[in-house]
Amino acid sequence: MNKVKVGIIGSGNIGTDLMYKIEKSEVLEMSTMIGIDPDSEGLKRAKTRGYTVFSNGIEGFLQHPELADILFDATTAKAHDYHNQVLGKLGKQVIDLTPAAIGPFAVPAVNLTEHLDQPNVNMITCGGQATIPIVHAICRVVSVEYAEIVATIASKSAGPGTRANIDEFTRTTARGIEVIGGAKKGKAIIILNPAEPPIMMRDAIHALVEEEGKEKEITESIKKMVTKVQEYVPGYRLRTEPIFKGKRVSVFIEVEGAGDFFPPYSGNLDIMTASARKVAEEFARKKLSQLQKQ
Amino acid sequence: MAHLTVVDVTLRDGSHSMKHAFTEKQVRSTARALDEAGVPYFEVSHGDGLGGSSLQYGFSKVNEMKLIAAAKEECQQSKISVLLLPGIGIKEDLKEAVQAGADMVRVATHVTEADVAKQHIELGRNLGLKTVGFLMMAHSAPTSKLVEQAKLFESYGAEVVYVTDSAGALLPHEVKEKIAALRSELGVDIGFHGHNNLSLAMANTLAAIEEGAKYIDGSLRALGAGSGNTQTEVMIAVLNRLGHQTGIDLYKIMDAANIVADYMPRPQEITGASLILGYAGVYSSFLLHAKEAAERFQVDERDILVELGKRKVVGGQEDMILQVASELASKVKTFI
């Protein structure tokens, strides 16, 4: 056995894109998709591709827990609370893509190895995945008093969940900037742009650093970080060189999606599923190496 | 003749022109004068709404909650409005503003994105505020879209829905068409917020009133983003001549305008760059940021604004100004 079986809870856009991403993994085996709507596009596609599907939610999976050891939850914060309880009892590892944030925050390029034994990790937000690595890259050179990010995404790629809970985005992202990014104070802003053709996800990261004069080191650190994120999000790139003005640093990035299930402009959705896959792969590698030792 | 409700936005839209540096003293003196003139509502917030204090838009010199509370203390009759842009401000900001003295909230979204405002509109109603939906950049969407989005605001509980000409790009016949469509499709009151980038703020306001708008915005000495708004004191004079009722005393509102004249950093004249905002359909608060970026990167501010218009940027995307300026600058270099 050289792959770990994984399941996806939630057969919406995120769940479906994850399925395609997992299929390309060397250490994850796509096994089951768990939904509540038998007519959903995600469940239909999963069934066609030969995976076990459940349309009666987590209860169905609980009858067949051997089908997956790592589960992605792409449902809602409320549903995730319950999923986490029952899956925790079974010793499953859960990667949470909802705003529930029960487990610690995970940003692969920053703290990937810190939480390999956690039963539950949270993927923060798309804006968080795109910007926290940059905040961290600045923080490892110089102390950051304040960091602020502005995520602009195409209207078409902001789903009903994001729209109904837009405050969750700003609050959770701001917390991630502080807790994982390392800024003393964080702030997040999200803008939806309806332009046609849809725009790529763009993020601005503005930071106030404690001391001036580290421009070269900061730029170098940021570029290294971008390369690291590109390992799991190939469409992640700097739009321009970082711009410095006194203690202020501004960094502009763009995220183009891999186009697995979402159109390429939906970099915001792609970076969530790509980051979640990256975390699952590390979970899997650790499980596999433990099995080898036994 | 109509009874109109005037909302003065000097202490909010003017925040852009003041680079968000209103002092408590300025706010107190302006608030007192607005109150004495009988203005029913005036708005106090960061230019980009509650929570707008940021590197992206500019930090507030004085915390807006403190300014709201100070304004409230000066009022015998006027009520205080706050602006909230979901995605920038959050519900907690609104709760705090209510503690400080806000009586009205205007929840603003881009003209196509009203559904991000549901929670905030509902919160406004639950807190007992006069709750208004504000559809920004109204020039950028067809009237059918505007109506669809306005209906969303109405369904969430908004008591007034505004056509907001953030770019100062609308022409009077377009204002008429939009207001008339909303009047026939919605049950709630309709409002209009103009910008004077094409010298049409007053004409557009009158066009809106002709079609039945009941809420109209203005700012003293036109202190607002871009070339500013419909000039409140002039609007009161014009409305008096037309026989409309606003409950506002003309001389006293002119006195209030004199207070603003004392502290405003520059007259709200229509300059080349602010004209271009209206011409290219760009969010008015981009003006001063574009000026700064133009100086920094040695490019023409008009080129920046025209390029932003082409890229269809929306309100709040100030980060694009620096990016576009730096891209234009590197193009120039390549030509050399």
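Let's start with helix H4 of chain B, residues 91-100, where Asp93(B), Leu94(B), Ala97(B) and Ala100(B) are buried (20 or more other C-beta atoms, placed from the backbone, lie within 10 Å of a buried residue's own). These residues sit on the same side of H4(B), because they cover an arc of only 115° around the axis, the arc being that of the directions from the helix axis to the C-beta atoms. An α-helix has 3.6 residues a turn, so residues three or four places apart point the same way. Helices here are DSSP runs of H or I with at least four residues, and strands are runs of E with at least two, numbered from the N terminus.

This is a predicted model, in which local features need pLDDT of at least 70 and side-chain atom pairs count only at pLDDT 80 or more, while totals for chains, interfaces and linings use all residues. Residues are numbered from 1 along each chain as its sequence is written, and chains are lettered from A in the order in which they are written.

What lies over the buried residues of H4(B)? The cover includes helix H3 (64-73), strand E3 (79-84), strand E4 (104-110) and helix H5 (118-126) of chain B. After H4(B) comes Gly101(B), with a positive phi near 130°.

Now move to chain A, which is divided into domain 1 (4-123 + 272-293) and domain 2 (126-263); the bounds come from an automatic or database domain assignment. Between the two domains, 19 residues of domain 1 of chain A are in contact with 22 residues of domain 2 of chain A (C-beta atoms, placed from the backbone, within 7 Å). On the domain 1 side, H1(A) gives the most, with five residues.

Terms used
Buried ≥ 20, exposed ≤ 12 C-beta atoms within 10 Å, placed from the backbone.
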